[in-house]
Amino acid sequence: MNRKKVVVALSGGVDSTLTARLLLDAGYDVAAATMLLFDGQDTDSAAEMADFLGIPHRVFDLRGAYREEVLRYFVDAYAAGTTPNPCMACDFHIKFGLFFDEAMAAFGADHFSTGHYARILWDTATGTYAVYRGIDTAKDQSYMMYRLTQERISRILFPLGRMTKEETRRLSREKGLPTYDKAESQDMCFLAAGDSYKDYLARHAPKIFRPGDIVDRKGRVLGRHRGLPCYTIGQRKGLGLAAKTPLYVVALDAKANRVVVGANDDLFRTRLLAGDLAFTDGTAPGETFPCEAKIRYSAHTAAATVTLQKYGRARVDFAEPQRAVTPGQSVVFYDGDRLLGGGTILRAL
């Protein structure tokens with residue numbers, strides 16, 4: 001009997017290496033693929049782990065697509081006064097997009113697998129595949145998956161979805177994998193060691209750092225800012241303002257090139273507008289539907305009601321005020337642990 005072939009997105013870290021080992025142990029015919037996304041990237045670690053596991057390995061040069069779909073988006077978002085999520089863009093356009101297609105075709109694979117902490121289950125009631133949160137709530141990465149289509153989900157394997165990070169390291173050690181104690185990779189992998197996102201922007205897009213006014217919510221000028229990319233919603237430190245009470249960034253006005261500040265209470269909103277919606281079932285659960293929603297990867301879910309609007313948008317009403325709703329980030333919808341979909345935050349209402 002022919003074994004099912006799976007291609008593993010291998011970085012050479014603890015998660016992807018254990019993923020490949022577990023699939024080998026389960027009897028799959030395993031191959032490894034690595035994305036080359038930017039100059040100077042380490043692909044040797046992945047090659048070494050593939051050799052250690054005795055599986056074929058290929059590197060796919062996706063630098064051009066990464067520049068267009070991720071790095072350009074990253075710069076353009078900051079220039080527009082929003083806060084981008086480059087990891088989300090990479091997962092959607094590159095990892096589960098172009099890379100998925102090229103790696104699957106190159107190896108003639110039946111499945112595609114990564115070391116993400118999320119689960120995929122078959123829903124017999126609806127006849128669809130569903131993405132669920134990983135068992136390890138601290139590591140759950142289902143937030144990144146809301147743009148996956150049924151065609152993609154049906155071919156993806158997430159072996160680590162039922163494990164905690166602690167169990168991953170323990171099992172890696174038990175299986176003799178040299179990566180068991182390897183450090184976590186950074187979120188913005190394209191940043192050079194010691195660099196911040198501001199350093200990257202300063203080198204690649206210095207013109208977007210246009211000084212302007214810092215104003216209060218009534219428009220009164222309180223000081224000067226160093227360029228909108230230096231500020232994020234909710235920021236308190238680094239404003240260079242003297243005030244009797246703490247001031248926070250409550251909005252970035254790209255059109256007027258102004259940073260708007262206010263009190264902590266001004267950061268809370270019960271409603272937002274989202275666009276560019278996507279749902280893992282292909283359609284929304286209804287024109288209006290209840291859910292639990294989260295406004296950023298690190299946020300907790302909160303009770304909300306989603307109301308679809310024209311032009312592919314939705315209004316999201318929260319039962320309790322949410323702090324620092326940030327345009328450019330994603331709002332993601334859940335039914336319990338089940339991922340429903342999400343969209344890009346356009347503005348707080």
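What span should the twelve residues of helix α1 (residues 14-25) have at 1.5 Å a residue, and how far apart are its end C-alpha atoms? The views below come from a predicted model, in which local features need pLDDT of at least 70, side-chain atom pairs count only at pLDDT 80 or more, and totals for chains, interfaces and linings use all residues. Residues are numbered from 1 along each chain as its sequence is written, and side-chain values use heavy atoms, with hydrogens and water left out.

View 1. Helix α1 should span 16 Å, and its end C-alpha atoms are 16 Å apart, which agrees; the expected span is 1.5 Å times one less than the number of residues. Helices (H or I, at least four residues) and strands (E, at least two) are DSSP runs, numbered from the N terminus. Buried means under 20% relative accessible area, with a 1.4 Å probe and protein chains only. Among the buried residues are V14, D15, L22 and L23.

**View 2. The aromatic pair of F74 and Y200.** The whole structure holds 17 aromatic pairs. The ring centres of F74 and Y200 lie 5.8 Å apart with the planes at 70°, so this pair is edge-to-face. Rings of Phe, Tyr and Trp (its six-membered ring) pair if their centres lie within 6.5 Å; planes under 30 degrees apart count as stacked, over 60 as edge-to-face and the rest as tilted. Because F74 belongs to helix α3 and Y200 to helix α7 (residues 197-204), the pair ties together parts that are 126 residues apart in sequence. F74 and Y200 are both buried.

**View 3. The aromatic pair of F100 and F112.** This pair is tilted, at 5.0 Å centre to centre and 45° between the planes. F100 lies in helix α4 and F112 in strand β4 (residues 111-113), so parts that are twelve residues apart in sequence are tied together. Both F100 and F112 are buried.

**View 4. Charged ends over rings.** The charged end of R133 sits over the ring of Y334, 4.5 Å from its centre. That of K294 sits over the ring of Y297, 5.8 Å from the ring centre. The criterion is NZ of Lys or CZ of Arg within 6 Å of the ring centre and within 35 degrees of the ring normal.

Conventions. Buried < 20%, exposed > 50% of the residue type's maximum accessible area, 1.4 Å probe, protein only.
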